[in-house]
Amino acid sequence: MKELTVSDAMDLVRIEAAPAISIYVGTNVNELGDGSKLAANLQRLYRTAEALVSRTHDAKTRERLLQPLKKALSALRLTRSKGGIAIFHSEKVTGILRLPTSTSDLAVAADSFHLKPVLRCMQLRRSHYILAFRKNRADLILVTADGTQSLERIQMSGSHERLAPDHEKSKRFFEGGIKFRRQKDLRESMLALHRLLERHFQNDRLPLLLAGPQRYQEAFRTNGSNVNLVGRGMVGHIEDIDTKALAGMSEGIMQQYFSALDNQVLVAFHKANASGLASTDLKEIADAAARGQVLSLLIAEDRNVWGHLDRKTGHVRVLDQRTDATADDLLDDIAELTLLKGGRVTVLPSAQMPEHKAIGAVLRWRDSSSPLLNGAALGAFARHPRRESRIVAVV
């Protein structure tokens with residue numbers, strides 16, 4: 001069974017893999033012991049997936065699909081952890097993702113993989129940079145849902161060391177170190193550091209969090225500008241703190257930062273709603289997602305709407321209950337379709353959703369018959385057409 005990263009799991013959006021089995025097991029259980037509770041939960045979820053597949057596929061297909069999965073699961077040993085695991089299986093791929101965030105037990109067999117818990121994980125552990133000021137250097141660290149990576153070690157005097165030469169954003173940048181001999185050189189050093197970072201962040205929207213002594217942070221803020229800079233930093237002596245520990249220490253600050261961004265998404269929805277460019281109607285949103293009209297999608301984390309989505313036409317069939325074995329969560333399917341069309345997805349608790357609906361969307365445009373699509377709107381869309389771009393899960 002292949003070990004997947006969160007990024008690998010999100011790439012499953014692009015795979016046509018029907019029937020696709022998704023199994024989520026929460027590993028943050030209360031019971032202590034040798035993992036027997038987790039093993040029992042995994043077997044129960046497998047039997048659920050097996051029953052779903054058995055109701056809709058012939059014996060030959062069932063054997064071809066389920067035997068490899070059953071064998072892979074029998075070799076899997078689960079242990080308690082803070083997060084959970086996700087298992088994705090089809091005739092094309094079998095992989096396991098160890099989630100850094102908690103998840104509920106769930107088994108789905110549908111036409112595509114169920115990825116809403118992965119979307120939520122990406123949202124809770126959103127990517128950001130840390131610029132850590134140590135005694136004679138500044139370390140640039142990338143933090144993602146998959147872990148931490150030291151990209152650059154920028155010496156404040158002497159030579160410069162590139163720690164991740166193959167990272168796409170570290171090539172061609174930071175060619176030399178920064179001279180920092182006396183206190184009077186602090187301003188010039190920070191100006192030089194800003195110039196190096198400007199090229200690094202030229203096409204990057206990830207936030208930058210400062211860490212280290214207060215005087216270095218103040219000098220960095222006052223001797224240059226960076227649109228990605230987080231307003232609040234981590235102040236203190238960090239000389240002996242490693243990158244992984246720094247990433248853990250940054251969680252509280254970054255959760256507040258990203259929570260504020262989520263509020264901005266809601267504000268944007270209400271503004272769009274006032275001008276007729278927003279909707280909470282699931283069928284209308286599904287149709288818009290298929291057309292590439294959805295700019296920003298909001299879905300409820302703790303709700304499911306079972307049914308079927310035709311990804312080419314956007315037509316949906318909503319079920320009152322999950323009586324159809326091939327039914328998937330339409331919120332998940334519409335989110336995946338939105339990502340494939342270059343839109344963005346935000347997963348929120350139901351209490352924060354607009355009008356307490358299960359889904360909401362900001363639309364790029366209405367159809368040509370709508371009076372809202374005036375000449376200015378058409379011109380704006382022409383200047384910024386939708387793109388088949390890299391998947392962006394959250395705003």
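This is a predicted model: local features need pLDDT of at least 70, side-chain atom pairs count only at pLDDT 80 or more; totals for chains, interfaces and linings use all residues.
Visitor: Why is the pair of Y24 and F88 called edge-to-face?

Guide: The ring centres of Y24 and F88 lie 6.0 Å apart and their planes meet at 85°; rings pair if their centres lie within 6.5 Å, and planes over 60 degrees apart count as edge-to-face, so this pair is edge-to-face. It is one of five aromatic pairs that a search of the whole structure finds.

Visitor: What makes this a pair that links distant parts of the chain?

Guide: Y24 belongs to strand β2 (residues 20-26) and F88 to strand β3 (residues 84-89), and the two residues are 64 residues apart. Both Y24 and F88 are buried, and ring pairs join Y24, F88 and F113 into a cluster.

Visitor: Why does R134 count as buried?

Guide: Its relative accessibility is 4%, and buried means under 20%, so R134 counts as buried. R134 is found in the loop between β6 and β7.

Visitor: What makes the approach of the side chains of R134 and D139 a polar contact?

Guide: The side chains of R134 and D139 are joined at 2.8 Å, where the limit for such a pair of N or O atoms is within 3.5 Å. A polar atom of the R134 side chain also lies 3.0 Å from the backbone oxygen of I241. With neighbours within four places in sequence left aside, the residues in contact with R134 are D139, Y216, I238, E239, I241 and L246.

Visitor: How do you know that the reach of helix α5 is close to the span expected?

Guide: Helix α5 (residues 186-200) has 15 residues, and from its first C-alpha to its last it reaches 21 Å, which is close to the 21 Å expected at 1.5 Å a residue. The buried residues of α5, among them L186, M190, L193 and L197, pack against β6 (128-133), β7 (137-144), β8 (147-155), β10 (208-212) and α6 (214-222).

Visitor: How do you know that β14 and strand β16 pair?

Guide: Strands pair if there are at least two bridges between them, and β14 and β16 (residues 328-329) have two bridges, in the antiparallel sense; the partner of W306 in β16 is D329. Three bridges join β14 to strand β15 (residues 316-318), also antiparallel, with V318 in β15 as the bridge partner of G307. In the hairpin of β14 and β15, with six residues between the strands, G314 takes a positive phi near 85°.

Technical notes
Residues are numbered from 1 along each chain as its sequence is written. Side-chain values use heavy atoms; hydrogens and water are left out. Rings of Phe, Tyr and Trp (its six-membered ring) pair if their centres lie within 6.5 Å; planes under 30 degrees apart count as stacked, over 60 as edge-to-face and the rest as tilted. Helices (H or I, at least four residues) and strands (E, at least two) are DSSP runs, numbered from the N terminus. Buried means under 20% relative accessible area, exposed over 50%, partly exposed in between (1.4 Å probe, protein chains only). The expected span of a helix is 1.5 Å times one less than its number of residues. Contact means heavy atoms within 4.5 Å. A polar contact is a pair of N or O atoms within 3.5 Å; within protein, one must be able to donate a hydrogen and the other to accept it, and residues adjacent in sequence count only if both atoms are side-chain atoms.
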